[in-house]
Amino acid sequence: MGDSGGTDAASQAATARREWERFIQRCLVQRLDFDEFAEYAPLLHARHPLGHGPVADLVLRPTSWNRYTLDPRMPHYIQTLLDLGLLDTPAILAALYRYSTCHVLLAAHREQGGGGGEAHGGGGGGGGGDNKPMAETGVGKNDVAHCWLSSFSSEEVIFYRLTKAVAQGLAIRNSKDALDVSAIMARWMTLFTAASAAFQADDERVIMGGARSKASQQKRDDMDNSRAAFVMLLLSVCENPVLLQALGKPFAKGARKALSQSLASFIPSIMQNASQIAARLELFRTETLAGFEPIDKKKEAANAEMDELLDETLGLQNLSIPDLHVDRSRAGLYIYLNAALIGRPLIDDAAFYNYLHNRYQGDIQLTAIDLILASFDVLANAIFKNEGQKTANLIRSYLINKVPLILASFASQEPMYPFNSELCITNALSRVDTNTFPTLTSLFENNLSSNPFTESVRSDFVTACCLHGLVPETSIDKLIGDYTYQTLPAGGRYNKDKLVQECLADPLQERIQKLVTELENMDGNVGACCQALTEMLGKLCSNKETMSLKTLCSKLVGKPLNLDVLLLFDKPTTILSPLCELLDNWGYDDDQGEYQPVYEEFGSVLLLLLAFVYRYNLTASDLGIRSSDSFVAKLLANGQLSRPLDELNDQEQNQLDGWIHGLFDTDGGGLADDLLSSCPPQDLYLLIPTLFHNIVLAFSTGHLTEETLKTGIEYLVEPFLGPSLVTGIMYLSNCLWTDRAEENKATVKILQLIVRPSQKMSPESSDMLNTVKNIVAKPLENGLRTYQRQNPRSQDVEPLLQVLRGNVDLSRRTGAAGDKELEQWISSGSGGLTSSIRTTFQNLTMWSLNPGVMPTAYAHRQVLVGLKLMGARRLLQAILEELKQLTETGNGSIAYDVAIALVCAPDVSSNANDALAPTPPQRRLSLREALKWEAEEWKKTQKKDPAMAETVVRLYQNVEAQMAPAATMATLPHDADAAAAMANVLVDDAAAVNAAASQLGMDDPMVLDAGAAGLSLDLSGGGGDLNLGGSGVDSAGGLDLTGSDDMFSSLGPLDGWDSMDLT
């Protein structure tokens, strides 16, 4: 009888499982609506009841037809089952764990000989914990056939949903739930720890010279995202009152032990990226969990002894290390300037003056000489490394147009003794290689090849210095060492305020267009031109003179190299904030007659903004945007993403329908004013990716003929719609990374019609299309090459790449390394990237010890790559090891200066962070922050390696002294005239200079003894902003993405989470 009852129960369970499996399969096939699913599921459960565990297993396990990733509807179904009580949190987490892709990655790692350890331990626990052996979970060491190939995105979604449920008190209702959840969370922590270790080993293999595939990097990024969501769930679980009450019971000893052990191994894996969250979890482990354990007197005594030992530990400030004099090497400022000019120019006047003041301790003479020499070194390095026109033009403009202004500001500071600018320039130029920067005579006498970036640099620089009153005109030939055929600019030294007045008084806008042309000049006047143009942009925006603004924006955006020059003299916020405000508040007039001109004017302004954003990889924070409702913020965040039609509201659907018919319905009358009036430009630009998505679908499925498509594209390349092609092409470029064959063919055809138009275009349309190609060339090239690798026989891609060849170099300036450069560094010797960086460090030190006329080759991109691939702590370790080794060989005084420069160098890839932003952008750990952490742990290091502890602390102290902010930063003179006034006095009174020099005992005026001269670069009272008459300090902000309905609000402040780098 009992046997018969057991057989019936087993039969009923099998039937119930079969019916549920069939139900779920049909729901997915028919894409059953969630409301209907909520109605049918209870009916099925009433007829065929099934436990939480089997239901969770059915909805979360791979199937015979789908092993890749969970169906996107399934998380919604799971949420519905959870709300209905047909599933619970422990069952979901257990099934999700059982089929996680982490098991696949660990198995692959073990097969490669990586070991990987066990991911299934540490999950034991009492109190109902699910501590099954591996075989029972369906995941054995060598059997991952039943696991998902890519479950991380689904895990991320489900973890966040469960986090919200825990916060609302719906996920953990009683002690049994609490203990079951704690047990499976412990197993998840162990799994993520093992997966992170596997990727860590892969990183070491890459650093040692291996290669990482894009697929591997994508898996790592996906796992990091899943782990980030899990961390939020873990934090909410650990602070849940029901769970805390349950863990305090005597029978929960096993669960406490499992949690404690798993947390101990898991917390270090998130310590670097989310220190505050890690601290809260560590506090939970060491205090909350430990507080639940019975008091152990022996352990208590041991802890007291440890506390006493820690109390006796010396603080960092009390550590005494032997003095080591750090010399100012030639490489120090050379490294800083390379870093500041490798991507978006980061010559921030206040920060740069503070850096120079701390480095040279007020010695203006030496500061000026080293600044000139380092600037020539940076240009020579760019030329010998064949950086090309895009880099040489920027550095040359910096040398000729920016450096003389800095020197003129030195003269205006009224130092204790006269600042002999001519003496400094003469001294610096005498050490500049005449073969690299020849005079006109040596160019002909030595039959040197002509190079437009080097042949006239000396004379251009000295002439610019003369323009700013640093040297008299009669001394130009003597300083150059040759006759010069150059003359000072006919208009003399420009003043920014006068230029602005000239532009405002010119109704034909000829003066403002001439100023844009003059940005290419190398005469010392470009700084005033840049700030005059910046002020004119602001005035035209505030006055809403959109026709004049269109002309100026179109002129500026046509030459990307001019944007680099603008950023030498102004911050992005100063230039772009007025444009953002205008675009956000743009609207039609009440009596608007024509709408196409409005689109043209709006598009021209937006195109200039996008040119800046994409060229330099700027964020909303860089632009000073603080509101999440900003049109520009929305465009930057989602401007490349298509939205499903069911996510569009009625107005957006009508607008999209109108544009599709206007572009492609030949019988519909085209783009009439009714359409343009009903759809403001902001609405159109936010719909562009969705519009292009529907164009691709229509063309790939035959609903849109090629001739009709061509007609619509002809509209899109017209000036009033041309700027929309930026986000449109970016969307199409992203589509090419997918493996949808038919859609990709349609995408390539659309790109052919845009990039290689067959119709005759007006000059304005042609110029705008070329500007668009400059902006999108790099991502479009990457997308096309990806498609080409997937379809090697395709003949459609190469012609497009040929068209883009001239635009690619102008597309980006972000400091990113090229493929060939990266391959060269990674494959360097047996140590890979680490060895390559140490060699660079060594070369910089050796060059500074024996400085020849030519600088050693250096690309700061190598350090940025090291930060990205190795992380700040590993990169710092490589620098420290090389520094320690060079110090032991007697070269420490120079090696320390090189190391200080590497740590203090500006980082263009993370410079967007702004402390004033309400939501600071996430960024990776910097070298300076990593050094601070190492220094704070000097006691641990000292026990293992006393010499390394000394190296760390000494470097840290020097770095902090170098980066210490000045007490006050006064504003520098507002224009070049005032900045050069003191220089004029000094140049005209040469007798006074010579007399002062003789009184100081300077027998040879070329020998500068800073100690004797006592010259002061006291920029704590005079450093500031070289704005040539422009406005004062500007500010940058961030997106305010806070909302009232925040699922994480119960977790308290998570500053560590905000700065977590999950890339």
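1. Ile625 is found in the loop that runs between helix H29 (596-616) and helix H30 (631-638). Helices in this note are DSSP runs of H or I with at least four residues, strands are runs of E with at least two, and both are numbered from the N terminus. The model is a predicted one, in which local features need pLDDT of at least 70 and side-chain atom pairs count only at pLDDT 80 or more, whereas totals for chains, interfaces and linings use all residues. Residues are numbered from 1 along each chain as its sequence is written, and side-chain values use heavy atoms, with hydrogens and water left out.

2. Is Ile625 buried or exposed? Ile625 is buried, at a relative accessible area of 6%. Buried here means under 20% relative accessible area, exposed means over 50%, and partly exposed lies in between (1.4 Å probe, protein chains only). The C-alpha atom of Ile625 is separated by 9.0 Å from that of Thr573, and the two residues are 52 apart along the chain.

3. The loop between H29 and H30 also holds Asn617. Asn617 has a positive phi of about 55° and is not a glycine; Asn617 is exposed, with a relative accessible area of 57%. Most residues other than glycine have a negative phi.

4. A positive phi also occurs at Gln361, where the value is near 50°. Gln361 lies in the loop between helix H16 (349-360) and helix H17 (364-384). With a relative accessible area of 61%, Gln361 is exposed.

5. On the overall fold, the protein has 50 helices and 0 strands. The protein comprises 1063 residues, of which 52% are buried. Among contacts between residues at least 6 apart in sequence, 82% join residues at least 24 apart; a contact means heavy atoms within 4.5 Å. The protein exposes about 46300 Å², and carbon and sulfur atoms supply 50% of this area. Accessible areas come from the Shrake-Rupley method with a 1.4 Å probe, and for residues only the protein chains shown count as cover.

6. How many salt bridges does the structure hold? The structure holds 39 salt bridges, each defined as a side-chain nitrogen of Lys or Arg within 4 Å of a carboxyl oxygen of Asp or Glu. Side chains of opposite charge can pair when their charged atoms come close.

7. One of the salt bridges joins the side chains of Asp57 and Arg17, with an N to O distance of 2.9 Å. This pair links distant parts of the chain, since Asp57 belongs to helix H3 (residues 52-60) and Arg17 to helix H1 (residues 2-30), 40 residues apart. Asp57 is buried, at 8% relative accessible area, whereas Arg17 is partly exposed, at 28%.

8. Asp57 also forms a salt bridge with Arg98, the closest N and O atoms being 3.0 Å apart. Here too the pair links distant parts of the chain: Arg98 is in helix H5 (residues 89-98), Asp57 is in helix H3, and 41 residues separate them. Arg98 counts as buried, at 12% relative accessibility.

9. A further salt bridge is made by the side chains of Lys496 and Glu535 (2.7 Å, N to O). The partners are 39 residues apart and link distant parts of the chain, with Lys496 in helix H23 (residues 496-504) and Glu535 in helix H25 (residues 526-543). Lys496 is buried, with a relative accessible area of 2%, and Glu535 counts as partly exposed at 26%. Elsewhere, salt bridges with shared partners join Arg17, Asp57, Arg61 and Arg98 into one network.

10. A surface patch of negative charge is formed by Asp33, Asp35, Glu36 and Glu39. Patches are made of residues with over 30% relative accessible area and no salt bridge; like charges are joined within 9 Å, and nonpolar side chains (Val, Leu, Ile, Met, Phe, Trp, Tyr) within 5 Å. Lys and Arg count as positive and Asp and Glu as negative, while His and the chain ends are not counted. The place of a charge is taken as NZ of Lys, CZ of Arg, CG of Asp or CD of Glu. Asp33 sits in the loop between H1 and helix H2 (34-47) and is partly exposed, with a relative accessible area of 37%.

11. Lys939, Lys940, Lys943 and Lys944 gather in a surface patch of positive charge. Lys943 is placed in helix H45 (residues 938-944) and counts as exposed, at 68% relative accessibility.
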